[in-house]
Amino acid sequence: MSLSPCTFFKEHKDCKSELQNTSLTNEDPLQNLHLASQEVLQKAQQSGRAKCLKCGGSRMFYCYTCYVPVETVPIEQIPVVKLPLKIDIIKHPHETDGKSTAAHAKLLAPEDVNLYTYPCIPEYEERKHEIVLVFPGPDSVSVEDISLYLHKHIPSNALDSSKNDRPDNLPNKRQKVEGEEARDAGDINRKDGSLLKKVIFIDSTWNQTHKIIADERLQGLLQVELKTRKTCFWRHQKGKPDTFLSTIEAIYYFLVDYHTAVLKEQYKGQYDNLLFFYSFMYQLIKNAKSTAGKQQENSSINL
């Protein structure tokens, strides 16, 4: 059974309202990605929903509870992305699994991504100098400034002995030491890539984030905001700025900015396959919206 884009989305509960509320530009912001072949997804879309080999649930493309492809999508045809950092995704318990893009990250970077359902999350207290939380706020910093801020919070026992021996407590040395710390942070970037080891993302609607972000286990973490990136998510929340990204967009754009601004390396599409499912679904919805618009136009002409 072959499914047209419209038929495919009619199988989803909120299809009609989604198509009406989705604003997709004529330009494709995802068109220049370096992606693995999506032929396997095209074939799966034509075949329709299939069974999850783990739980037996009926799904399209992948199981969003088991984080595995369905039986019509051979796992060897799904790209695997190696990330330079570990990713923790904290999911709100009321976030609808089928609407979340967090599953994409776990499917495509299984060795580097962990998902937790709030309130069951790790303790981060002892590693705060290696972790950032991607979430907007009054004290959030840009990706470019991560290393400098983390460097200031390294525990004394983790510092190089030569740095521990510096007379930082002398008032007349303060300006010099601050300059040295900035240079040290740059040196660490060049030698080790970054002080950063893990990034935390929150997966929920923006109205549901308040309880999670206020959790004491997340207090004191450096917050990072992606201020220049714009979403093309088809479920963008009404009344929120277009810089509020979906989970998979936030992960992808953070890593791209980290690669260029922190690692100081040329980006050549290393993480583009994180959008393997997302870009395909974006195009399906764009096509469905276009088809729906043409049908509505033809209906008006026939009146």
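**Close-up views of a predicted model**

View 1. About 40 Å³ of space lies in the largest cavity. This is a predicted model, so keep that in mind for every view here. A search through the whole structure turns up two cavities of 30 Å³ or more. Around the largest cavity you'll find Tyr 64, Tyr 67, Lys 91, Asp 97, Ser 100, Ala 102, Ala 103 and Leu 115. Sorted by class, that lining comes out as five nonpolar, one polar and two charged residues.

**View 2. The second largest cavity.** The volume of this one is about 30 Å³. Its lining residues are Tyr 62, Gly 98, Lys 99, Ser 100, Thr 101, His 104, Phe 233, Trp 234, Arg 235 and Met 281. By class, the second largest cavity is lined by four nonpolar, four polar and two charged residues. Look out for Ser 100, which lines the second largest cavity and also the largest cavity.

**View 3. Tyr 67, with a positive phi.** Zoom in on the loop between β3 (62–63) and β4 (68–69), and there sits Tyr 67. Its phi is near 60°, a positive value in a residue other than glycine. Tyr 67 is partly exposed, because its relative accessibility is 26% and that class runs between 20% and 50%. Tyr 67 is also one of the residues lining the largest cavity.

**View 4. The open sheet, strand by strand.** Five strands make up an open sheet with parallel pairing, in the order β6-β5-β8-β7-β9. The edges belong to β6 and β9: each has a single partner strand, so one side of each has no neighbour in the sheet. From one strand to the next, the twist averages 30°.

**View 5. Strand β7 and its two partners.** Here we move in on β7 (residues 131–134), which is covered on both faces. In a regular strand, side chains alternate between the two faces of the sheet. In β7, Ile 131 and Leu 133 are on one side, Val 132 and Val 134 are on the other, and all are buried. With β8 (residues 198–203), β7 pairs in the parallel sense over four bridges; there, Leu 133 stands opposite Ile 200. With β9 (residues 222–224), the pairing is again parallel, over three bridges, and Val 132 has Leu 222 as its bridge partner.

**View 6. A cis peptide bond at Pro 119.** Which two residues does the cis peptide bond join? They are Tyr 118 and Pro 119, with omega at about 15°. Pro 119 is in the loop between β6 (113–117) and β7.

**View 7. Helix α9, end to end.** This helix covers residues 247–262, 16 residues in total. At 1.5 Å a residue it should span 22 Å, and its end C-alpha atoms are 21 Å apart, so the two values agree. Is α9 mostly covered or mostly open? Mostly covered: 15 of its 16 residues are buried.

View 8. After α9 comes Lys 264, found in the loop between α9 and α10 (276–302).

Methods: Residues numbered from 1 in each chain as written. Predicted model: local features only at pLDDT ≥ 70, side-chain atom pairs only at ≥ 80, totals over all residues. Heavy atoms only, no water. Helix = DSSP H or I, 4+ residues; strand = E, 2+ residues; numbered from the N terminus. Expected span 1.5 Å × (residues − 1). Buried < 20%, exposed > 50% of the residue type's maximum accessible area, 1.4 Å probe, protein only. Pairing = 2+ DSSP bridges. 1 Å grid on protein atoms, 1.4 Å probe; cavity = no way out; pocket = protein on both sides within 12 Å on 5 of 7 lines; lining within 4 Å. Points joined across faces, edges and corners; volume = space filled by probe spheres on them. Nonpolar A, V, L, I, M, F, W, Y, C, P; charged D, E, K, R; others polar. Axes fitted to C-alpha atoms, helices over the stretch in contact; angles between N-to-C directions.
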